[in-house]
Amino acid sequence: MIGFSSSVGSLSNISQRLLQTISFRGLRVQCLRVGNTEIPNDKKLEISLQHVYGIGRSRAHQILCDLSIGNKLTKDLTGVELNTLREEVSRYMTGEDLRRCIKHDIGRLVDIQCYRGIRHSVGLPCRGQRTSTNARTRKGKRVAIPGKKKPTR
């Protein structure tokens, strides 16, 4: 039993050392995986967190303030900081979960046939923007109407 407990202690020391370094046999990891998304290794942490869907500028700043991690390069993170960062990001709804939730909400609006749901199904803006001259993003490319000519001056 004594040998078993000492081996468990040495395993935890080994795992802590592995967590503190990100390089394995001289190879450097190019991207880190946080929130089911690979974030770039060569950018500041506040910028690279914004690559996760659902995390913007203010949420990234809030996460770093909560963890009291400085805004350093992503590749300079220790293993412990990386694990705490992953835990903090997992508290928020991000990535595919957020996409699925938004899709479900829009589907609910379409099903009950409210104004916003109808606008979503037709493909028009649903927040009150004018559609007479703009809304090209939602309506698509202009289509010429045959037989209609421009008035001459």
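**The largest pocket and beyond**

Mentor: The largest pocket is lined by V143, A144, I145, K148, K149, K150 and P151, a lining residue being one with an atom within 4 Å of a pocket point. A pocket here is an open set of points on a 1 Å grid over the protein atoms alone, where a 1.4 Å probe fits and protein lies on both sides within 12 Å along at least five of seven lines. The model is predicted, so local features need pLDDT of at least 70 and side-chain atom pairs count only at pLDDT 80 or more, whereas totals for chains, interfaces and linings use all residues. Residues are numbered from 1 along each chain as its sequence is written, and side-chain values use heavy atoms, with hydrogens and water left out.

The space in the largest pocket comes to about 170 Å³, taken as that filled by probe spheres set on the points. Its lining comprises four nonpolar residues, three charged ones and no polar ones, where Asp, Glu, Lys and Arg count as charged, Ala, Val, Leu, Ile, Met, Phe, Trp, Tyr, Cys and Pro as nonpolar, and the others, Gly among them, as polar.

Turning to the helices (DSSP runs of H or I, at least four residues), α5 (residues 95-111) packs against α6 (residues 115-122) at an angle of about 105°, their axes lying 7 Å apart. This makes α5 roughly perpendicular to α6, a term that covers angles of 65 to 115 degrees. On the α5 side the contact (heavy atoms within 4.5 Å) is made by I106, L109 and V110, which meet R116, G117, H120 and S121 of α6. By class, these contact residues are three nonpolar, three polar and one charged.

In the loop between α6 and α7 (136-139) sits A135, which is not a glycine and yet has a positive phi of about 65°. A135 is buried (under 20% relative accessible area), its own value being 15%. S68, in the loop between α3 (57-67) and α4 (79-90), is another residue other than glycine with a positive phi, near 50°. S68, however, is exposed (over 50%), with a relative accessible area of 64%. Most residues other than glycine have a negative phi.

Finally, helix α4 holds E88, which counts as buried at 7% relative accessibility. Leaving aside residues up to four places away in sequence, E88 touches I63, D66 and L67.

Conventions:
Axes are lines fitted to C-alpha atoms, for helices over the stretch in contact, and angles run from 0 to 180 degrees between N-to-C directions. Helices (H or I, at least four residues) and strands (E, at least two) are DSSP runs, numbered from the N terminus. Angles under 35 degrees count as roughly parallel, over 145 as roughly antiparallel, 65 to 115 as roughly perpendicular and the rest as oblique. Buried means under 20% relative accessible area, exposed over 50%, partly exposed in between (1.4 Å probe, protein chains only).
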